[in-house]
Amino acid sequence: MYHERGMRQPQIAKQLHISQPRVSRLLKRAVDLGIVRTTVIAPRGVYAELEEQIEQAYGLTEVIVADTDDHADEGHVMRALGSAAAVYLETTLMGGERIGVSSWSSTILATVEAMHPRPTPVADQVVQMLGGVGNVTAQTQATRITGRLAALTGAQAVYLPAPGLLASGDMRQMFVTDPNIEPVLRACDDLTMALVGVGSIEPSPLLRESGNAFAESELPGLRSAGAVGDVCMRFFDASGVHIESAFDERVLGIDPATLMRVPRRVAVAGGLRKSNAIRAAVRGGWVNVLITDLQVARSLLD
């Protein structure tokens with residue numbers, strides 16, 4: 001009544017037949033329990049000129065620069081990106097969307113944790129685009145991303161109950177014909193939006209903990225092929241060109257061609273260590289909406 005309907009505390013007290021001090025205590029209790037959270041976002045438009053320059057330079061539909069107060073701390077950047085992406089989704093999801101979401105992205109996890117529930121459904125489906133089975137603790141986070149986003153948007157959650165990276169291409173072939181897996185991969189064909197992170201050549205902590213990361217012995221091969229980053233574990237070089245390899249054949253998830261056909265491809269990614277990967281991702285057209293931090297935004301125009 002207070003936060004969603006904008007009612008004043010005396011009105012609430014009168015309608016519920018309780019005292020105003022009790023209303024105040026209940027509201028404070030809601031904050032203590034985490035039912036109500038405050039998200040602070042820098043006013044949209046502060047970096048409008050910088051955003052427009054990046055859009056024009058890379059042919060992007062939209063760029064949102066999160067205000068990080070020039071902090072380079074990864075935790076601070078992550079929270080700022082999550083908050084900015086949450087506001088973007090809350091204001092642009094209008095209904096009937098079929099959203100694909102990446103499983104092993106810390107920035108996407110930060111996004112769903114910063115979002116508020118929509119009063120009416122704004123999406124039909126939230127589809128897991130990359131296998132989410134792995135280490136028990138990390139798998140909980142991957143499942144949380146899909147389930148939480150579905151709950152927040154009033155959508156049906158469609159899970160991909162399989163590892164994101166398999167031991168061999170033959171094993172992947174067995175999975176894609178499984179009656180529980182094949183419909184999920186087919187659901188990726190009709191997405192209206194993809195929500196992804198951008199990975200550097202080094203796996204993120206969440207991906208590494210998941211058990212889905214590639215082995216250290218595979219790093220030299222990816223580097224020699226020119227890989228600088230990935231989206232949904234599909235690697236690309238500095239120009240954003242997809243690198244096809246034996247590793248690629250082991251990934252269970254959306255394929256590059258299908259991803260490129262999604263009308264709105266939103267990347268939530270930042271941190272200077274990922275600047276080369278982010279630059280390559282926008283050069284290659286892997287994403288057409290970019291939500292990033294101020295330092296990366298400036299580096300994209302250097």
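Is Phe236 buried or exposed? I began my notebook with that one, keeping in mind that this is a predicted model. Phe236 comes out at 0% relative accessibility, so I put it down as buried.

**Entry: the ring pairs**

I searched the whole structure for aromatic pairs and found 2. Phe235 and Phe247 make an edge-to-face pair, with 5.4 Å centre to centre and 65° between the planes. Phe235 sits in strand 8 (residues 234–236) and Phe247 in the loop between strand 8 and helix 11 (256–261), so this pair ties together parts 12 residues apart in sequence. I checked burial too: Phe235 has 3% relative accessibility and counts as buried, and Phe247 is buried with a relative accessible area of 7%.

Phe236 and Trp286 form a tilted pair, 5.2 Å centre to centre and 35° between the planes. This pair links distant parts of the chain, for Phe236 is in strand 8 and Trp286 is in the loop between helix 12 and strand 10 (289–293), 50 residues apart. I noted Trp286 as buried, with a relative accessible area of 0%.

**Entry: the nonpolar cores**

Next I looked up the largest nonpolar core, which has 44 residues. Among the members that touch the most others are Ile54, Met129 and Val231. Elements giving two or more residues to this core include helix 3 (48–58), strand 1 (62–66) and helix 13 (294–300). Which element gives the largest share? I found helix 12, with 5 residues.

I then followed Ile54: leaving out residues up to four places away in sequence, Ile54 touches Gly59, Leu60, Val63, Ala297, Leu300 and Leu301. I also logged a second, separate core of 32 residues, including Ala85, Ala86, Leu93 and Leu152.

Notes:
Residues are numbered from 1 along each chain as its sequence is written. This is a predicted model: local features need pLDDT of at least 70, side-chain atom pairs count only at pLDDT 80 or more; totals for chains, interfaces and linings use all residues. Side-chain values use heavy atoms; hydrogens and water are left out. A nonpolar core is a set of buried Ala, Val, Leu, Ile, Met, Phe, Trp, Tyr and Cys residues joined through side-chain atoms within 4.5 Å. Buried means under 20% relative accessible area, exposed over 50%, partly exposed in between (1.4 Å probe, protein chains only). Helices (H or I, at least four residues) and strands (E, at least two) are DSSP runs, numbered from the N terminus. Contact means heavy atoms within 4.5 Å. Rings of Phe, Tyr and Trp (its six-membered ring) pair if their centres lie within 6.5 Å; planes under 30 degrees apart count as stacked, over 60 as edge-to-face and the rest as tilted.
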